[in-house]
Amino acid sequence: MNINEKIDFLNNRARVSLQNRCPYGPDVDLSPYIKFENRLKEIEDISLLPENVIGRLKSFGIDLGDTSKSSGYLQIDNNLVYKKKLYPNVEILSLKEALNDSYFVENYFWNLIDVGQDKFTAAAQLYGQGGYVIVSKENSVTEIPVQTCLFIKDTEVFQAPHNIVVAEPNSVLHVVTGCAAMPETVGLHAGITEFYVKKNSTVTFTMIHDWSKATHVRPRTAVVVEDGGTFINNYINLNVSGLNSMQSYPIVYLKGEHSRTFMSSIIVGRSNSYIDLGSAVKVTGKDSSAEIISRSVSTDSSKIVSRARISSEAPGVKGHIECRGLILNDGSGIWTVPELDSNVKDVDLTHEAAVGKLSEEVIFYLLTKGIGRDEAVSMLVRGFLEVKVPNLPTLLEKQIKILMESSTKFL
Amino acid sequence: MLLDIRNLTVEVEGKTVLKNLSLSIGFGETILLMGPNGSGKSSLIYTLMGHPQYKIKSGSIFFKERNITNMSTEERVKLGLGAALQFPPKIYGITLRNLAKKLAKNDAEIDSIASLLNLTKFLDREINVGFSGGEMKRVEIFFLLLQKPSLALLDEPDSGVDVENMTVVGNAIGRLLSNSNNSAMKKPSGLIVTHLGYISRYVLTHRTYIMQNGTIICYGPTENLVNDVLKHGFDWCIKCYDNRVSCKMVGE
């Protein structure tokens with residue numbers, strides 16, 4: 001199949017799938033968001049961006065003041081703002097550029113996610129614009145994370161970039177993605193992201209979300225890990241600005257022997273957000289290991305569904321799921337769904353789940369130490385949300401700590 | 001008087017744990033409170049700290065001339081009460097250093113007090129998670145030294161502490177209750193709950209109270225009472241009290 005044949009095939013399959021509802025999360029009517037005139041524009045001069053957009057990006061850790069230092073990709077609505085490459089061993093392309101390469105299209109474009117999976121994948125293929133492609137070179141280690149940012153500025157925007165990350169054998173790559181929106185925008189985000197973690201490579205992917213109250217978020221992510229490879233997923237949604245609904249269920253295919261994944265999600269539900277987030281691992285490579293950790297905190301009238309699934313079809317597999325939920329007030333709620341399955345006997349799969357409130361004994365203890373009640377609660381929530389994610393560069397760990405500190409103050 | 005407890009009766013889930021208890025502690029005084037298991041010693045500490053499960057049925061508590069009987073824990077601590085609990089909970093997600101930073105003047109103070117209590121290597125661990133009994137005692141005293149209360153309530157600071165660390169704990173409590181710790185203020189007072197009395201070898205106390213069935217049955221100079229109790233057991237005290245021999249004169 002050449003490039004055009006594959007794209008025709010994908011488009012045809014997408015067209016017949018535009019009505020397919022996703023089995024999870026609330027349905028979203030696509031019609032207000034989909035506009036045929038959407039075409040990716042490139043903004044040459046970023047200083048032309050409105051002041052408030054620059055401010056919002058800054059609050060999110062994206063400083064446009066000195067783009068010469070940023071290595072990465074910034075997309076606002078459907079405009080490509082910049083794509084910069086500073087590290088010698090990391091290639092950063094726009095999807096558009098990468099799609100000229102037939103090898104790339106054949107091996108990496110929609111190979112892990114079915115374009116007909118649901119209306120969101122279908123719409124992403126037919127109407128989505130933009131997306132980044134990051135490739136780390138064989139035998140290379142890049143400690144400084146590549147930063148990408150997907151931002152919704154205008155209202156009624158459908159933003160669905162298609163991102164592809166390839167770690168060539170024996171390479172180490174860190175990617176950080178910040179996704180945010182201007183307050184009061186009504187948007188639909190359905191980014192597609194595919195990761196190809198080759199033999200003995202390590203990829204860490206940190207995704208930080210902070211949308212706006214009216215945004216619907218439906219990212220679709222899939223990862224394949226080859227022999228000896230490691231994929232670390234670190235999802236943080238402290239939901240400071242709220243969101244309308246979110247549903248996502250990333251899947252990692254541990255195909256290689258001795259491959260490994262660690263998937264962490266930290267979620268705070270506020271106002272009346274509905275969040276249905278899962279992490280799935282399918283293991284077919286023997287002697288592989290998977291760990292899924294989720295920490296959810298519900299406040300106001302938010303609802304959180306926390307899914308996790310490890311399926312094993314290979315011997316020597318170790319897997320563990322830990323789902324913990326903290327309900328801060330009546331009217332909000334958390335539903336945990338941990339699932340384990342195996343069709344071979346030589347596996348060690350376990351899960352633990354707990355949902356509840358903060359312990360009064362623990363609060364009392366902190367009160368006796370002179371910590372006020374509000375501060376005690378906030379310290380405990382902050383502590384609850386702390387997950388030690390392996391393989392992250394120290395600098396990134398520090399940045400995440402600062403973000404967590406400032407974003408959990410109000411809890 | 002720094003602390004004045006008058007005829008206090010307290011219930012937990014409908015069960016009386018303190019019965020018509022009266023006790024007072026003056027400024028700069030340290031007293032020892034002994035008694036068999038279940039006699040109500042820890043209940044007194046929880047009640048003084050304002051634990052919500054401990055319901056005061058009658059009587060009153062005055063601290064620094066203020067009636068704190070119905071005061072919240074937060075306000076009591078602000079007023080100068082502090083406690084080292086016997087069984088502190090595990091605090092997941094909060095390290096010793098996180099909490100210490102909220103209490104200490106500066107990082108140097110944290111480091112020096114941690115070192116005094118052999119806790120330096122514990123500073124970045126979650127509070128009490130995987131700690132031994134003795135380590136938890138040291139953690140409690142560590143926080144009290146940072147809090148600098150005017151009245152320190154210490155619940156069994158010597159139980160579960162190994163021989164090597166007994167001196168460490170004893171010296172730390174000595175420092176907590178001495179002037180040097182807080183020179184600008186009046187010398188702090190202490191209420192030390194113990195059932196073995198080891199701590200009395202390290203800390204100078206003004207007198208000892210014996211508690212049984214939720215009330216004080218006897219008091220006297222520490223040296224005599226602790227020795228008598230260790231020699232004859234609490235039964236001896238109880239018999240003495242039952243015979244209404246003038247216990248209060250013991251050792252005098």
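This is a predicted model: local features need pLDDT of at least 70, side-chain atom pairs count only at pLDDT 80 or more; totals for chains, interfaces and linings use all residues.
Local features are reported at pLDDT of at least 70 and side-chain atom pairs at pLDDT 80 or more, whereas totals for chains, interfaces and linings use all residues. Residues are numbered from 1 along each chain as its sequence is written, and chains are lettered from A, with ligands numbered from 1, in the order in which they are written.

Chain A comprises domain 1 (3-363) and domain 2 (364-411), with bounds that come from an automatic or database domain assignment. The C-alpha centres of these two domains lie 24 Å apart. Their contact (C-beta atoms, placed from the backbone, within 7 Å) takes 30 residues from domain 1 and 24 residues from domain 2. On the domain 1 side, β9 (172-181), β12 (202-210) and α6 (360-368) of chain A are among the elements that each supply at least two residues; helices (H or I, at least four residues) and strands (E, at least two) are DSSP runs, numbered from the N terminus. By class, that side has 17 nonpolar, nine polar and four charged residues. Here Ala, Val, Leu, Ile, Met, Phe, Trp, Tyr, Cys and Pro count as nonpolar, Asp, Glu, Lys and Arg as charged, and the others, Gly among them, as polar.

Within chain A, strand β8 (residues 162-167) has six of its six residues buried, so it is largely enclosed by the rest of the structure. A residue is buried if 20 or more other C-beta atoms, placed from the backbone, lie within 10 Å of its own, exposed if 12 or fewer, and partly exposed in between. His162(A), Ile164(A) and Val166(A) lie on one side of the strand, and Asn163(A), Val165(A) and Ala167(A) on the other. Strand β8(A) runs parallel to β5 (residues 132-136) of chain A, with four bridges joining them; two strands pair if DSSP finds at least two bridges between them. Ile134(A) faces Val165(A) in this pairing. A parallel pairing over six bridges links β8(A) to β11 (residues 192-197) of chain A, where Asn163(A) stands opposite Thr193(A).

Chain B contains an open sheet of six strands in the order β6-β9-β10-β3-β11-β12, with mixed pairing. Strands β6 (81-84) and β12 (215-220) of chain B are at the edges with a single partner strand each, so one side of each has no neighbour in the sheet. In this sheet, β3 (residues 30-34) and β10 (residues 189-193) of chain B are parallel over four bridges, and Leu33(B) stands opposite Val193(B).

Leu33(B) also belongs to the largest nonpolar core, of 184 residues, where Leu33(B), Val197(A), Val223(A) and Ile141(B) are among those that touch the most other members. Such a core is a set of buried Ala, Val, Leu, Ile, Met, Phe, Trp, Tyr and Cys residues joined through C-beta atoms within 7 Å. Helix α5 (residues 133-147) of chain B gives the largest share, eight residues. Leaving aside residues up to four places away in sequence, Ile141(B) touches Ala84(B), Leu117(B), Pro157(B), Val169(B), Ala172(B), Ile173(B) and Leu176(B).

Gln86(B), in the loop between β6 and β7 of chain B, is buried, with 20 other C-beta atoms within 10 Å.

Finally, the contact between the chains takes 18 residues from chain B and 18 residues from chain A. On the chain B side, α2 (73-79), β7 (91-95), α3 (96-103) and α5 each supply at least two residues, and the classes are eleven nonpolar, five polar and two charged.

Note on methods: Two residues are in contact if their C-beta atoms, placed from the backbone, lie within 7 Å.
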